[in-house]
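Please examine the sequence and model shown here before reading the report.

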Amino acid sequence: MLRLDRLDIRQEDFHLTADWQVPAGARVAVIGPSGAGKSTLLMALAGFVPYGGRMLWQGADLGPMPPGERPLSILFQDQNLFPHLTLAQNLGLGISPRLRLTEADHARIDATLTRVGLAGLGARKPGQLSGGQIGRAALARALLRARPVLLLDEPFAALGPALKAEMLDLVSETAAETGATVLMVTHDPADARRFAGLTVLVADGVADAPRPTAEIFANPPLALQTYLGK
Amino acid sequence: MASRAGAISAALLGLAVAALTLGSAALTAGHATDWSLGPADGAALRFTLLQAALSALVSCLLAIPLARALARRRFPGRLALIRLLAAPFLLPVVVAVLGLLAIFGRAGPVNAAISALGLPTLSIFGLHGVVLAHVFLNLPLVARILLQGWQAIPAERFRLAEALSMPPVAQFRHLEAPMLRSLLPGALATVFLLCLTSFAVALTLGGGPKASTLELAIYQALRFEFDLGRAALLAALQFGLCAAITLASFRLTTAAVFGPGLGRDIAIPAPKGWRRGADGVTIGLAIAFLMGPLLAILLRGLPGLTDLPAGLWPALGRSFGLAVLSAALASGIALTLALAVARGQGWLELTAMLPLSASGLVMGTGLFLAIHPQMSPEMLALPVTLAVNAAMALPYLFRLLLPETRALLADYGRLCDSLGLSGPARLRLVILPRLARPLGFGAGLAAALSMGDLGVIALFAGARTETLPLLIQRLMGAYRMEAAAGASLVLVGASFALFWAFDRWGATRAAA
Amino acid sequence: MKTIPLAAGFVCLASMAMAETPVLDVYTYDSFASEWGPGPAIEKGFETTCACDLRFVTAGDGAALLARVQLEGPASAADVVVGIDTNLTAQAAATGLFAPHGQPAVTGLPTPYEDANFLPFDWGWFAFVHNKTLANPPKSFEELAASDLKIVIQDPRSSTPGLGLVMWVKSAYGDRAAEIWTGLKDNIVTVTPGWSEAYGMFLEGEADLVLSYTTSPAYHLIAESDDGKAAAAFGEGHYLQIEVAAKLAASDQPALADAFLAYLVSEEAQGVIPTTNWMYPANPLAAGLPKGFETLIQPGTSLLLPQDEAGAMREAAVAEWQAALAQ
């Protein structure tokens, strides 16, 4: 269970609070107007933004953990791969940050590349890949890291609708296989409906408690209505 | 936490650099008995400022069209030319001056051409000669800095400009001018400072005592009058000036405004028509101006190669070892400090630039006073030279590394953190490969500067610690001008080979 | 990568040698101790008789040498200093660092010179050197000033020949020195930091004449078989550079130092001087000077300011030079 215990993020004139929890294995969409703090919430979870209150995973406080040791993987909006490393090396970082890889590790990397549809591309560099392929590679690395929580900070925003849908399905499948809890920032209600059982609305300085996605869109709160333009 | 250890070691390194530069001056001052400046020191100050300002302005103004032409034109030998561009900056000053004299001197081809036209010959000596030499030495450096700036503009911006049908003028205003605006103050300040502490060029080509610089006055006070008080005062004056310039350049330097590109080969649009011709003429003139003296050095040195003294190879070995070590030391310190500054230890930025303001002579004298009489200066000649050479190269390396380090942290810092990539692994897998280009270029500069440096070793060296520049000076002092020219050619070749090896290492690591 | 262990190795070797044989530290200028200078032969010759290790420590030129000794002060490791010139002996004497040499006066100087502390070991006349192809070499400073010949000189603030030239004009012309300098201003192509830059420029054809020594043509004649250089003989006389050696009062090897000074002015060591330092020996050689030296000009008048006077007027003379040329 991921618990945000009276979370309080303050930055200059920005303010965001949250006090709720989601069960392990849940898939949560984080939706809301630009600048409301969707990304900031994820950055706080990943350990890049200081905050008041506590965040706990299965009862353990994330606060003292440096970003790399938190039980989570994050996909940023961009810069998810090092351009000077090959795809296989970029994935290898998910197994060993020192890139000390065994034969078995290489086999796992190849298998994972195949799993996300990048079979045989391990020797390529990110500059030689398309946007969709880069997204798949980043996801593959998260798979290899096998952390129980996956944070997606709109990594597929630049992809076309069909490609994005495909990626989301891939995330769904892999999350189902590993039982990961997923928090995904999005500004598209279709993504939330397609992917997430729960939705968190971030607006007016508050990240609301998650509610079932179908329910929240059927009966949207005022802030969501404004955002959706209804 | 790892970053705390990094912060502490960076702070300690910063303090060591400050101690080396400021502490040595303080030690020199501490031995002074009398405190006064001479009547000629005011004139020296004025001349110093004038020639440094002119040299910096001319170097930067000429570097802009050259770097632009090199950035947007592709021609055979372009990469070799860009590498060769570093050569004048790497030349030992005395060698460079003799090379310039061979071209622009009384007996050189330029005056031969002028007198063939029936015009009165030109003298290279005077303020214009000093500026000419400083431009020769520094124009290529500025051109390289600006060229890197052009290459750092993401290709997407040029495509955007083309998509918007921006004419070249607008392209310059929206893409190139902001880049220049962010790089030129630093380049101006660097050349200004280099020329401010210049000694041999101003004295040799200045044409007389009216061309006295502060560094010459320091030399005179230290070596001839043994007036440590005056030397320390002059050093403090020079230091204050340099520090003021450095601070001003910080104020004027804006952060690079471009986001990251994916490192693809950049094709900068190359306008056709008269601009193509203008670029060609610019490159041609630059080749003639920069390569003529180099060619003269080559031709002068060739006959002497048959007459090299036995001491040449050990001296070359010592210089080579010093150069590699001081390049490694300077790179390590510069990278540590650049990472610390990029992470927010801003005060270290000033520390890293301190050696640019220090007089090498005063630094050497201070160290000498610190070491003597507890230890024989001769014993420590090589370690001290190593430390001073590394310190003197530090500002260039730091300047080259800082913007790219900042960009690296901004672009990939969070990714590294989220993957738990830290410590040596982060250095090996991310920092070194991503910064390989500026590191290789900077380490090459440091190695070559150390190779050609005569300054400190002369104060400490004995017969057994002779470096190649010292050997050349001794050859010239013994009438052996031809052998000296040969040995100079060996020195230039070795400096250049070292620079080339480092620079190439960086370029291939970055491209890989 | 090897230089530090290498240096440490030298240190070990040096200290081991120290334990076995006494070490005589001789401070001298660069070109004296270089492999082409008199240093190696003198070191070898002295070591065959002294059962000691003679070590040269070098410091730039004569002026830098004195500065180095002053910098080190009484704690200096130097036992003997070789190569200060007479324009700087007053300043050297004032440091109180030097002790009497106890040697008999040398007899080969063109003018008498005797000093309790400073022992001459070689000397030369300053002169303007030119190519023999030069049609009308000047015969005086006034003639030079009136001509449109180009000369390169050294800076008196950073080089001993440069200082020698200022003293030359001062001793020949006294109060008219400033006038001479003003006249020479348009002849001076440039002023270099040291002798070698000036001489190099002259050889490159940047000037018709260069300030050097009357013995310079002998180098080209003997070492390069080139008789194309000559020194211009000036009617007002030529200024002398006398190079001296001295023993440090704080030397820990006073007896060895005395023995070295005696050796330095002996026939054997003096015989090395002409074709290595390209100067005249301080004591006449039994075999005479090497072949080729007879072709050199012999100035009728030797000029030399008494060392106290030279020391006292140095600053003013340099200021006068500077003021005249900076106009």
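The report covers confidence, chain contacts and the fold of one chain.

This is a predicted model, in which local features need pLDDT of at least 70, side-chain atom pairs count only at pLDDT 80 or more, and totals for chains, interfaces and linings use all residues. Residues are numbered from 1 along each chain as its sequence is written, while chains are lettered from A and ligands numbered from 1 in the order in which they are written.

The predictor assigns the complex an ipTM of 0.86 and a pTM of 0.80. Over residues 1-18 of chain C, however, pLDDT stays under 50. Where pLDDT is low, the predicted coordinates should not be read in detail.

Two residues are in contact if their C-beta atoms, placed from the backbone, lie within 7 Å. Two pairs of chains are in contact, and chains B and C share the most contacts. Chains A and C do not touch, their nearest C-alpha atoms being 28 Å apart.

Chain B holds 22 helices and zero strands; helices (H or I, at least four residues) and strands (E, at least two) are DSSP runs, numbered from the N terminus. Further values for chain B are tabulated below.

| Property of chain B | Value |
|---|---|
| C-alpha box along the principal axes | roughly 70 × 65 × 45 Å |
| Contacts joining residues at least 24 apart, among those at least 6 apart in sequence | 86% |

Terms used. pLDDT is the predictor's confidence in each residue, from 0 to 100.
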